[in-house]
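Here is a short report on one protein model.

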Amino acid sequence: MGQEANGKIVLVGFMGTGKSTVSRLLADKLGWVRFDSDEEIERLEGRKVSDIFAAEGEAGFRAIESNTLISLLEAGGNAIIATGGGAVLREGNRSAMLDNSFVVALKADAEHIISRVKSDTSRPLLQGDVAANVNRIMEARKHAYDFAHLQLDTTALTANEAAEAILHQLHSRSSQT
């Protein structure tokens with residue numbers, strides 16, 4: 001069964017690609033527990049991600065994010081893990097994901113991402129001109145998700161269609177081993 005043998009599916013991708021919604025659907029369909037790394041950080045830290053960014057900067061947040069992600073990957077049991085969009089920026093995070101899970105990168109075009117996140121005021125990296133910030137960050141991260149086992153463009157998919165496509169790939173991979 002390879003990478004998914006320990007029962008972890010990790011969703012990575014830019015903000016607004018559907019990681020949170022698709023992770024909920026996958027957890028329901030598989031009967032697995034679901035974690036959202038940002039929600040887990042807020043629970044463990046007792047403060048919002050935006051407050052962590054404000055107090056400790058992006059570097060401070062990324063350190064907390066890495067520790068949280070590693071803990072989730074190393075925990076026993078089957079789980080779906082939705083990561084924050086920048087969790088892939090650290091090599092150690094990418095390696096841990098590849099070694100401990102089946103990694104799925106969700107992608108979408110900039111226009112769809114902007115429409116999905118434009119009214120979300122909780123995203124620290126988008127403060128100000130949302131469209132300009134999305135385009136700038138997407139350009140900077142255009143190859144950041146290429147390491148994933150599976151790339152899935154969610155632009156024209158419903159969340160349910162995305163979840164089904166992931167399950168299909170997972171079953172195809174496990175039947176080949």
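Val 10 stands opposite Ile 81 in strand 3. This is a predicted model: local features need pLDDT of at least 70 and side-chain atom pairs count only at pLDDT 80 or more, while totals for chains, interfaces and linings use all residues. Residues are numbered from 1 along each chain as its sequence is written, and side-chain values use heavy atoms, with hydrogens and water left out.

Helices (H or I, at least four residues) and strands (E, at least two) are DSSP runs, numbered from the N terminus. Two strands pair if DSSP finds at least two bridges between them.

Strand 1 is mostly covered, with 6 of its 6 residues buried. Buried means under 20% relative accessible area, exposed over 50%, and partly exposed in between (1.4 Å probe, protein chains only). Lys 8, Val 10 and Val 12 point one way; Ile 9, Leu 11 and Gly 13 point the other.

**The cores.** A nonpolar core is a set of buried Ala, Val, Leu, Ile, Met, Phe, Trp, Tyr and Cys residues joined through side-chain atoms within 4.5 Å. The largest has 25 residues, and Val 12 and Met 97 touch the most other members. Strand 1, helix 3 and helix 4 are among the elements that give two or more residues to this core. A second, separate core of 17 residues includes Val 22 and Ile 80.

**Thr 83.** This residue lies in the loop between strand 3 (79-82) and helix 4 (91-100). Thr 83 counts as buried because its relative accessibility is 4%. Its side chain reaches the backbone oxygen of Leu 11 at 2.9 Å, a polar contact (a pair of N or O atoms within 3.5 Å; within protein, one must be able to donate a hydrogen and the other to accept it, and residues adjacent in sequence count only if both atoms are side-chain atoms). Beyond four places in sequence, the contacts of Thr 83 (heavy atoms within 4.5 Å) include Val 10, Ser 37 and Met 97.

**Helix 2.** Ser 37, Glu 40 and Ile 41 are the buried residues of helix 2 (residues 37-45). They line one face of the helix, because they fall within an arc of 105 degrees seen down its axis; the arc is that of the directions from the helix axis to the C-beta atoms. Asp 36 caps the N-terminal end, with a side-chain oxygen 2.9 Å from the backbone nitrogen of Asp 38.
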